[in-house]
Every structure is written in structure tokens, then in C-alpha cells.
Amino acid sequence: MSDPVLLVEDDISIAIVITTALEDEGLKVVRCDTIAERDRLLGARTFSLMLTDVVLKDGDGIETIDVARNQHPDMPIIILSAQNTLDTAVRATDSGAFEYFPKPFDLDELIHAVKQGIGSSAAPVMPTQDEGMALPLVGRSPAMQAVYRMITRVLRNDLTVLILGESGTGKELVAEAIHQLGGRGRGPFVAINTAAIPAELIESELFGHEKGAFTGAVNRHIGKFEQAQGGTLFLDEIGDMPMQAQTRLLRALQSGMILRVGGREEVPFDARIIAATNKDLAPMIAEGTFREDLYYRLNVVPIQLPPLRERGEDIAALSRHFLNQAARDGLPVHMLSDGAADLLCLQQWRGNVRELKNFIYRVALMARDDVIDEQTIRSALVEDGGPLRHERAAVASGVAMADRGDDLAGALGRWLTANSPASGEIYAKAIAAFEKPLFAHMLDTTGGNQLRAAQMLGINRNTLRKRLVELEIDPDGFAAKGHSAAN
Ligand SMILES: Nc1ncnc2c1ncn2[C@@H]1O[C@H](COP(=O)(O)OP(=O)(O)OP(=O)(O)O)[C@@H](O)[C@H]1O
């Protein structure tokens with residue numbers, strides 16, 4: 001039988017779960033809960049693999065990993081961590097660990113990795129990373145954990161990365177993190193937003209042009225590819241790239257050489273390529289507006305960024321992060337109350353992190369008190385205007401209006417938890433709670449036209465008017481406001 005697995009874990013319940021699962025797989029497990037005990041065990045015998053927690057009573061499992069590795073250079077190490085930051089993910093990867101699992105982890109995946117690790121024996125040793133690097137990504141949700149793990153996988157190579165995700169989810173920030181933390185951090189990070197450049201200029205922007213290449217080309221121009229030599233080229237909004245430029249890009253990626261517009265000689269380039277898009281490229285490929293072969297060239301390692309609505313648990317941390325950032329940018333210093341943070345978590349941030357950031361900056365600028373409380377946030381949401389905001393205002397008044405029909409049950413659940421109406425009045429309160437955002441929404445849709453709103457709802461105009469008074473909805477508030485969505 002093979003050597004046992006060494007489990008260094010001080011959380012008894014996690015240890016039991018892992019031990020049982022490994023034993024079910026026919027593996028033997030030896031457990032300890034301190035670094036000292038770990039080292040004693042490692043000095044006494046060999047293990048097929050070590051699973052280690054990071055924060056232990058007498059030390060840090062990653063910082064002391066070399067002690068373990070020196071004793072058993074071939075023993076694969078899997079790191080388990082509850083400190084789910086990008087920083088820990090990077091430290092874990094840099095430590096040369098075979099795998100890194102943020103807690104909570106998927107047990108099946110962990111067992112799979114253990115078996116793989118035992119099979120692989122020697123762990124790849126990763127180069128260590130520079131100290132003091134800024135790690136700008138905030139959020140510890142499981143969805144972001146998956147992103148961090150993907151990031152760590154591309155740091156020690158130059159594979160092309162395709163970052164997918166809605167607008168404002170942090171695609172550019174992830175590209176910068178890969179650049180900074182990876183091997184090209186000392187080189188330039190050059191970004192080009194394809195959507196922001198007129199189609200006829202894209203090729204010259206990307207590849208440069210020779211003097212006289214076209215009318216207006218009075219001087220030679222060095223394109224982004226060449227500017228990014230030794231660093232990273234970030235091709236943002238790749239889905240907006242015109243066909244002709246796509247063809248040229250594909251050729252460059254295939255050959256590692258670029259040809260300036262109007263140029264004769266090809267120039268080699270040495271830049272890591274990271275592309276991003278908020279578009280679904282599959283239908284574009286089907287329609288023939290995006291080259292399939294280019295897609296495969298770019299999509300070597302896809303990283304999918306979750307929309308903010310799928311990681312509500314990150315909203316409080318992000319909000320506080322942006323308040324600090326705002327203060328560093330010279331805005332007044334504020335704290336965020338827990339109630340205010342909870343309220344922010346309930347909102348639908350359709351513009352994702354960017355929208356939340358803009359909102360927090362506005363609040364930081366306007367708020368009068370040191371502590372930003374629920375009421376401040378509520379007023380800011382209402383003042384923000386726009387149809388989305390009315391839903392949000394309704395949410396802010398204690399009513400969760402579902403963003404999508406399929407989310408109604410969840411919204412109801414949240415509302416019940418948040419408001420815990422007394423027994424005997426649940427029906428009346430829930431119906432009123434539902435009516436309020438519904439009426440607000442209809443008034444918003446009709447620009448405050450009560451007659452039209454009543455018709456669309458299929459209720460009597462007087463009934464609507466009466467309910468508006470009872471529910472304290474001011475229809476005038478919907479009249480003048482435009483329908484432009486914020487940002
Ligand atoms: N996880 C995060 N932690 C801290 N700040 C973030 C995070 N994600 C995004 N941001 C900030 O939110 C803003 C929007 O992010 P970014 O520009 O990277 O989004 P994007 O997905 O590239 O957007 P677009 O598709 O519109 O180009 C930036 O100011 C960025 O710094």
C-alpha cells in the first residue's frame with residue numbers, strides 16, 4: 001500500500017470530512033493540527049501527499065512550506081485556505097503547491113486532485129514572485145475564487161487568455177493583474193479598446209503604419225503591438241473588431257510577426273495577448289461576423305467573470321474598498337454602516353462593479369456624516385433616478401422587487417427574512433410589499449401617467465390613486481424624470 005496522506009488541518013469538522021472521503025477511496029490519512037507536529041511527522045516517515053491548511057496555531061502553512069519541501073522534495077502539496085483572497089491564491093501557487101483549494105471547496109474536486117497528485121509525485125516548482133505587488137481584486141465569493149484560481153494558472157506561462165463577462169465586471173482589472181503578477185510585469189501593459197476606435201483606424205492603431213501609407217499618415221506610427229513589446233497587449237471588446245482587422249490579427253498571432261500598414265517588412269513581436277469581450281461570440285461566429293479560427297486562437301484559456309448579481313456577498317467589501325479608494329482620491333473620508341452595506345447588497349447592479357463604484361463615489365462626495373447609513377444610501381438610490389432606480393427605491397423601502405421573473409421566490413424569501421411580518425398579517429403585508437414596487441414600476445414605465453398605468457394594470461384609476469396614497473407613493477416623482485439609465 002502507498003504511503004499515507006498527511007493532513008495538516010486544525011478544523012476538526014473539515015478534517016473529518018476529508019479523512020472520511022479519502023479513506024473511502026482506500027487511502028490512509030494521518031492528521032495533525034500544528035506546524036510543529038507536521039514537521040515531526042515529516043521527519044519520521046514519508047507521505048504520498050500533504051494537504052495543508054494555511055493559518056495554523058503555530059504558523060503559516062505557506063510560509064513554512066519550504067521546511068516540508070526540503071524534507072520531501074517529491075511530495076506533492078495541496079493547500080487549503082479559508083483566506084480566499086487573490087493574494088493567498090498567488091502565494092499558494094508561488095509556493096510550488098500542486099494545487100490550491102479555497103474553502104469551502106468541492107470535496108469531489110479535492111479528492112480528484114489528491115489522486116492526481118499522488119499519481120504525479122513530483123510537484124512543479126514555481127518561481128517566487130516579487131514582493132509588494134498591489135493585488136487590486138476585491139471579493140472572496142466562490143465565483144471570484146474560481147477566477148483567482150484561473151489567474152494563478154496563467155501566471156507562469158504566456159498562454160493567450162480570453163476574458164469573458166458583462167460590462168463592468170472587472171475584465172481589464174483581471175488582465176492587469178495577470179500582467180502585473182505574471183512574468184511580464186516589468187514590461188508595458190498596453191490596452192486597446194476596439195469598440196472605441198473608428199473601424200478604419202483600428203489596423204493602423206494595432207499594427208502601426210509607415211509614413212504615407214494612407215492620406216493623413218504623415219509620419220511613421222508605431223502600433224500597439226510594438227508598443228507592447230516585452231509586456232502585455234490587452235485587446236478589449238474584441239467582439240467589436242471589424243472583419244478585416246480580425247484577419248490581420250489572426251495572421252499576426254499565427255506568425256508572431258506584424259506588418260505595419262503600408263509596410264513591406266514584417267516585424268516580430270513579443271507580447272502576451274489577453275483579449276476580452278462582453279459579447280457572446282458564438283452567435284457572431286454563426287452569423288459570420290467573428291472569425292472562428294481567431295476565436296480558437298484567442299480562447300486558449302478562457303476566464304469567465306461573474307456578474308455582480310451572482311456574487312452579492314462581495315458587495316459590502318467592494319463598497320468599503322471604493323470608499324477607501326475615494327478617500328485616497330481626495331474625497332471626504334466615510335465609514336459604511338452594516339445596514340447600509342446590507343442595503344447595497346440588495347440592489348441590482350446591472351452595470352456591475354463599475355456602476356457600484358460610481359455610485360459609491362457619488363455617495364462619498366455627497367454624504368454629510370462620517371458614517372454612511374441606510375438612510376443616506378436609500379436617498380442616494382432614489383435620487384439616482386432612472387427606471388432601474390425606482391425598483392431599487394422600492395427595494396430600499398423594504399421590498400425586494402425581483403429583477404427577473406424567475407427570481408420572485410428568492411425575492412419573497414429575502415423580503416420575509418428581512419421584515420419578518422407578524423403572524424396573521426403576512427398576507428396583507430406581502431401583498432402591499434409586492435404592490436409597491438409594481439406600482440412604482442408602472443408609474444415609471446408610463447412616466448407618471450396614472451390613467452395609463454391603471455389601464456395597463458387592468459385596475460380602476462381611483463383604486464390605483466387610493467392605493468398610491470395608502471402606500472405613500474408619490475406619482476409626481478415619476479413624472480419629470482427621464483428614462484435614461486444611470487451610466
Ligand atoms: N474585483 C474588483 N475589485 C476592485 N475593483 C474592481 C473589481 N472589479 C472591477 N473593479 C473596478 O470596476 C471598474 C470597472 O472594471 P473594468 O474596467 O475592469 O471592467 P470591464 O469588465 O473591463 O468593463 P468593460 O467591459 O465595460 O470594458 C474599474 O474601475 C475597476 O477598477
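A nonpolar core is a set of buried Ala, Val, Leu, Ile, Met, Phe, Trp, Tyr and Cys residues joined through C-beta atoms within 7 Å. In this predicted model, the largest such core has 74 residues. The protein chain has 487 residues, of which 37% count as buried, and its secondary structure comes to 22 helices and 16 strands. Among contacts between residues at least 6 apart in sequence, 72% join residues at least 24 apart.

**Nonpolar cores**

- Within the largest core, the residues with the most contacts are Leu51, Ile78 and Ile79.
- Helix α7 (residues 171-181) contributes the largest share of this core, namely five residues.
- The core lies between domain 1 (5-120) and domain 2 (142-304), because both domains give residues to it.
- A second, separate core comprises 23 residues, among them Leu346, Leu356, Phe359 and Leu381.
- Beyond its neighbours within four places in sequence, Leu51 is in contact with Val5, Leu7, Val8, Ile18, Ile78, Leu80 and Val114.

**Aspartate 53**

- UniProt, in an unreviewed entry, places the feature "modified residue: 4-aspartylphosphate" at Asp53.
- Asp53 belongs to strand β3, which spans residues 49-53.
- Is Asp53 buried or exposed? A residue is buried if 20 or more other C-beta atoms lie within 10 Å of its own; Asp53 has 21 C-beta neighbours inside 10 Å and therefore counts as buried.
- When neighbours within four places in sequence are left aside, the contacts of Asp53 are Val8, Glu9, Asp10, Gly61 and Leu80.

**Surroundings of the ligand**

- The ligand is surrounded by 19 residues, and the closest are Val138, Gly170, Lys171, Glu172 and Val353.
- Three helices each supply at least two residues of this shell: α7, α13 (315-328) and α15 (352-366).
- By residue class, the shell divides into six nonpolar, eight polar and five charged residues.

**Helix α21 and the residue that follows**

- Helix α21 (residues 461-470) is hardly covered, as the count of buried residues among its 10 residues is one.
- Just after α21, Glu472 takes a positive phi of about 55°.

Terms used
Residues are numbered from 1 along each chain as its sequence is written. This is a predicted model: local features need pLDDT of at least 70, side-chain atom pairs count only at pLDDT 80 or more; totals for chains, interfaces and linings use all residues. A residue is buried if 20 or more other C-beta atoms lie within 10 Å of its own, exposed if 12 or fewer, and partly exposed in between; C-beta atoms are placed from the backbone. Helices (H or I, at least four residues) and strands (E, at least two) are DSSP runs, numbered from the N terminus. Domain bounds come from an automatic or database domain assignment. Two residues are in contact if their C-beta atoms, placed from the backbone, lie within 7 Å. A residue is near a molecule or strand if its C-beta atom, placed from the backbone, lies within 6 Å of it. Ala, Val, Leu, Ile, Met, Phe, Trp, Tyr, Cys and Pro count as nonpolar, Asp, Glu, Lys and Arg as charged, and the others, Gly among them, as polar. UniProt positions are given in the numbering used here, feature names are shortened, and annotations may be inferred rather than shown by experiment.
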